[in-house]
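Biologist: I would like a close look at one part of this model. Please take me through it residue by residue.

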Amino acid sequence: GVEIHEYASGFLHAKVAVNAALGQPYGTLRGSNFVYIDGQKVVGANGFYVKSATSNEVIGNINPDWIGGITNTFRYKNLSLSFLIDVRKGGDVFSLDMYYGLATGLYPETAGLNDKGNPVRNTVADGGGIILPGVTADGKPNTIRRDISGLFGAYGYFRNPSAAFVYDASYVKLRELTLSYSLPADAMKKLRPFKGISVSLVGRNLWIIHKNLPYADPEETTSSGNIQGLQTGAYPTVRSMGFNVNLKF
């Protein structure tokens, strides 16, 4: 098999690899995983999730289940409105932004109120902290309340396996919208030698209708080559607007 190591140092720190291994789909993501008992995540005696013994667990696959699109054009007299919607169902992406951001308290998931109605960032003595959902090694529900006010908290990479930062890369996007107006035939008689004139407003990447990756576009990954499925420092998707004039002779 071949293991693809052409990724940035942050992913090396996360110990995440994109693989092309014998007997596995191209684009398998490998890293550390949660430990489960009867489908429930195992929580250690320290109140944090237990990680798998190795960083070679299969934790995702970059390949979508399917991709598709919907396009149509509506016409009324000399006006037309066309659209293109792109859909990607399935596939996974590892987010280095979430990996670091949750550890350093940048995201709202690390704040808010706990089950007692108190700020989670308070110390346990002051009513703060959280109880992570899962079971202890004996299979009983976890009841250990953890103080998360320190560095790494309970959400970041130091406390969690790489699998905690793998997200569904599905999306639904309004990829393109075009509004056009064609001059009527009576007007064209006065504008010879033109046989037709139309003007259009064109917009691209106007709206991410649905996605599951927080705070980033799942399409904006590190590369379109061998390092797909790894997302870090992604810029917001560029929304573009244009004006088009079509002249027919």
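Is Phe94 buried or exposed, going by its relative accessibility? Please go on from there to its surroundings.

Modeller: This is a predicted model. Phe94 counts as buried, because its relative accessibility is 0% and the cut-off for buried is under 20%. Phe94 lies in strand 9, which spans residues 92-95.

Strand 9 and strand 10 run antiparallel and are joined by three bridges. Phe94 has Val166 as its bridge partner in strand 10.

Now the rings. A pair of aromatic rings is described by the distance of the centres and the angle of the planes. The whole structure contains 10 aromatic pairs. One of them joins Phe34 and Tyr36, edge-to-face, with 6.3 Å centre to centre and 65 degrees between the planes. Phe34 is buried at a relative accessible area of 9%, whereas Tyr36 is partly exposed at 42%. Phe94 pairs with Phe165, also edge-to-face, at 6.4 Å centre to centre and with 80 degrees between the planes. Phe165 is in the loop between helix 2 (96-103) and strand 10 (166-168), so its pair with Phe94 ties together parts that are 71 residues apart in sequence. Phe165 too counts as buried, because its relative accessibility is 0%. Ring pairs link Phe94 and Phe165 with Tyr99, Tyr100 and Tyr157 into a cluster.

The loop that holds Phe165, between helix 2 and strand 10, also contains Arg145. The side chain of Arg145 makes a polar contact of 3.0 Å with the side chain of Asp115. Beyond its neighbours within four places in sequence, Arg145 is in contact with several residues, among them Asn114, Lys116, Val124 and Ile131.

One more point concerns Phe34. The charged end of Lys41 sits over the ring of Phe34, 4.1 Å from its centre. Lys41 also lies over the face of Tyr49, at 5.4 Å from the ring centre.

To return to your question, Phe94 is buried, is bridged to Val166 in strand 10, and forms an edge-to-face pair with Phe165.

How values were computed:
Residues numbered from 1 in each chain as written. Predicted model: local features only at pLDDT ≥ 70, side-chain atom pairs only at ≥ 80, totals over all residues. Heavy atoms only, no water. Phe/Tyr/Trp six-rings, centres within 6.5 Å; stacked < 30°, edge-to-face > 60°. Buried < 20%, exposed > 50% of the residue type's maximum accessible area, 1.4 Å probe, protein only. Helix = DSSP H or I, 4+ residues; strand = E, 2+ residues; numbered from the N terminus. Lys NZ or Arg CZ within 6 Å of the ring centre and 35° of its normal. Polar contact = N/O pair within 3.5 Å; in protein donor to acceptor, adjacent residues only side chain to side chain. Contact = heavy atoms within 4.5 Å. Pairing = 2+ DSSP bridges.
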